[in-house]
Every structure is written in structure tokens, then in C-alpha cells.
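Here is a friendly tour of one structure, written for someone who likes to see the cut-offs beside the values. Please keep the 3D view open as you read.

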Amino acid sequence: MRGLRYQLKSILRDKFCLMTFLLPIVVAVALNFAGSIDFSSLDELLSFGIMQEDLSEQTIIWLERYGTVTVYTTLDELEAAVNEPSTNVIGVGSDGDGIMTIVSGDELELFRQTADTLPSLYEQRDIVQQETIRILERPDVMAGFQDMFIAVTLIVAMFMGCTFNAMNIISEKEDGVAFVNGILPITQREYMIQKMIVGFLCGGLSAFVTACICFPLSAQNVVFMMLLIVFSAFAAAMIGLFIGKISSGLMVGVTYIKIVMLLFIAVPILSFLVEIHNPFLSALFYLVPSQAAFDGIMDLSAGSRTVPLTDILIMLMHCVILSSTYLLMSKYRRKNL
């Protein structure tokens, strides 16, 4: 217990570990807030500027079907509104029996295309009125990616155990504490548990708080989410032990941590975006522990009724393989000392 108390104190002194613990929670709050914002209203209406007594009443009514119409008394006022960088006002003027549009050139592509199309659309307005208009429901631009961002945030939270365990062992090497640990009367299994339990608990706690903020889960799905979090945090903590063992110094350890974290994040995102259908290539992605955790989290966040047992079993296999390999490696090293 005294050793665990010492490691908990070292967390409070290590700003890198504290940032790793708190950052996923902050990101989860931000994503949860962003999901409640309605972005569809940002581009709901176009803005047209016209000169006073330049267009007919019927033309103004036609323009109001597509956006807001603002009347300006002078040409200078209209040009100033069109050239204002913070707006996307399209100037509209009469051109014989038709209309012409005025743009500044710094608008978004959408508004430039609208300005180019508007005169011909006005000429065909009688034909368009005879057609049946069906307004399609616009999909939420955040719907597909918000769950992915949340799943990646959970993986980063689980990775906290890897960061702490690796940094803890490396700092003990540099301070000379590792020599003392080498002669302590404890088994390799006891040493492994003592070294990884703090990182495992902190990573699991960070991921659990993040999941509570982001997911309204049913009672059954909470159990499956907890299993994914426990196994993922355990696997990350074990990888931290490996990094701490093989790292010769602080900079080497930080490099290894960044490489592993990049793999943990990049592999699931690549699999999600590319949608690989080849079974062999898809199986290769599961060599990275975060892939199974990511798939399970995505299924639970989507409200799927399918139990992610396959992902949970894959994570369990990773935990067994990592812990067994660490114990065998430690036993082999002790025999050869």
C-alpha cells in the first residue's frame, strides 16, 4: 500500500499525466456541447441586396423565396454591403427583362455559384413554378463523425495508464530507484500489479467519466462499455510497462509513447474512414488493441442491439497475451542477470 501511495503522489507532481487524465474529459464536454448546436441555421438563407425602385415587386417576392432581401438607397451602400468581407451579400440589379448579379469575388464557392445561376433561374421562373418542389431533409453534418470523435477521445482516456506507467518506470531508472526495486523480495507478478494498478485505475476512471458525459447508455450497454474500458485500460497499462522496460531514457520513452499513441488513434480512424472489406486486411487492424475497443464503442454509441462480444473477447486476448509476455520476459531477464 505504501508503494501505491507513493505512485499516487507522483501523479499529482507529473503535469503530463494530469493533462492526459483531464484532457479527454474536457474534450468530451466540448463534443457534447458541440453536438447540441444546430449548424443547419448557419447557411439556411441567402442574402440579396437591391437598389431602391430598381426591381419590380414580383421580382422582389421571387427573390424572397430564396433568401432575405435588403433594400439600399444608393449604389455606394449596395457596393459596400457586397464588398464587406464578413458577409456574403449578393447584389441583384435589373438587366432589361432579366436580372444581373453583383459579387465581390471573396465569397464562398457556394455563393459564387448561386450568383452565376440566379439570372438563368430567373429567366426560367415560369417553368420552375410548374414543377413540383420536394424539399429533402438535410442530414446533420456532425452525425457521422461525432461518434467517431467520442470513441477516439475514450481511447485517449484509456491510454492514460500507458503514459503514467512508462513515465513512472523511466523516472525510477533515472533516479536510481530501479536498482532498489531489483533487490526487493517481491515476485515479478507482484511487481507488475504494483506498477500497473495506478495507471490502470486512472485510465479506466478517465474513460468512465468521459463515457458518462458522452453516452446515454442502457443498463445492459453500461456493462459492455465497462468491460471494454477495463480491458482497454489494462492493455494500455501493460504496454506502458513494456515501454518503461525497454526505454533507456526520458526522450526515448516519450518517443515510444507518441508512436504507440499514434497507432492507437490512427488505426481505428483509418479503418473507419476507408471501410476495408478484405477479411485479411481487416484482421490485421485488430493486432492493435484500440481497434477492437473502437468498434465496440461505435456499436454501443449507435444503439446497436448486437452485443459486442467479439470485440470484448479480442480485448481480453490482448490483455492475456500482453501480461503473459511481460511475465515471461521479466523471468527470462532475471535468470540471465
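Leu 322 lies in helix H15 (residues 309-335); helices here are DSSP runs of H or I with at least four residues, strands are runs of E with at least two, and both are numbered from the N terminus. Before going further, note that this is a predicted model, in which local features need pLDDT of at least 70 and side-chain atom pairs count only at pLDDT 80 or more, while totals for chains, interfaces and linings use all residues. Residues are numbered from 1 along each chain as its sequence is written, and side-chain values use heavy atoms, with hydrogens and water left out.

With a relative accessible area of 17%, Leu 322 is buried (buried means under 20% relative accessible area, exposed over 50%, and partly exposed in between, using a 1.4 Å probe and protein chains only). Leaving aside residues up to four places away in sequence, Leu 322 touches Ala 235, Met 238, Ile 239 and Phe 242, where contact means heavy atoms within 4.5 Å. Ala 235 is 87 residues from Leu 322 in sequence, and their C-alpha atoms are 7.0 Å apart.

## Helices H11 and H14

Ala 235 also takes part in the meeting of two helices: it is one of the residues of H11 that touch H14. The axes of helix H11 (residues 219-246) and H14 come within 10 Å and cross at roughly 160°; axes are lines fitted to C-alpha atoms, for helices over the stretch in contact, and angles run from 0 to 180 degrees between N-to-C directions. H11 is therefore roughly antiparallel to H14 (under 35 degrees counts as roughly parallel, over 145 as roughly antiparallel, 65 to 115 as roughly perpendicular and the rest as oblique). On the H11 side the contacts include Phe 224, Leu 228 and Ile 239, and on the H14 side they include Ala 292, Gly 296 and Ile 297.

Gln 291 has its place in helix H14 (residues 289-301). Is Gln 291 buried or exposed? Gln 291 is buried, at 1% relative accessible area. Beyond residues up to four places away in sequence, its contacts are Val 267, Pro 268, Ser 271, Phe 285 and Tyr 286.

## The sheet

Four strands make an open sheet with mixed pairing, in the order E2-E1-E3-E4; two strands pair if DSSP finds at least two bridges between them. E2 and strand E4 (98-102) are the edge strands, each pairing on one side only. From one strand to the next, the twist averages 35°.

Strand E1 (residues 46-51) is mostly covered, with five of its six residues buried. Six bridges pair E1 with strand E2 (residues 67-72) in the parallel sense, and Gly 49 stands opposite Thr 70 in E2. E1 also runs parallel to strand E3 (residues 90-95), joined by three bridges; Phe 48 faces Ile 90 there, and Ile 50 has Val 92 as its bridge partner.

Helix H4 (residues 75-83) lies across E1, E2, E3 and E4, at about 160° to E1. Helix H5 (residues 109-123) packs on the sheet too, touching E1, E3 and E4, and its direction makes about 170° with that of E4.

Elsewhere in the chain, Thr 210 sits in helix H10 (residues 188-214) and counts as buried at 0% relative accessibility. Its contacts, not counting residues up to four places away in sequence, include Pro 24, Ala 28 and Leu 154. Thr 210 and Val 26 are 184 residues apart along the chain, with 8.5 Å between their C-alpha atoms.
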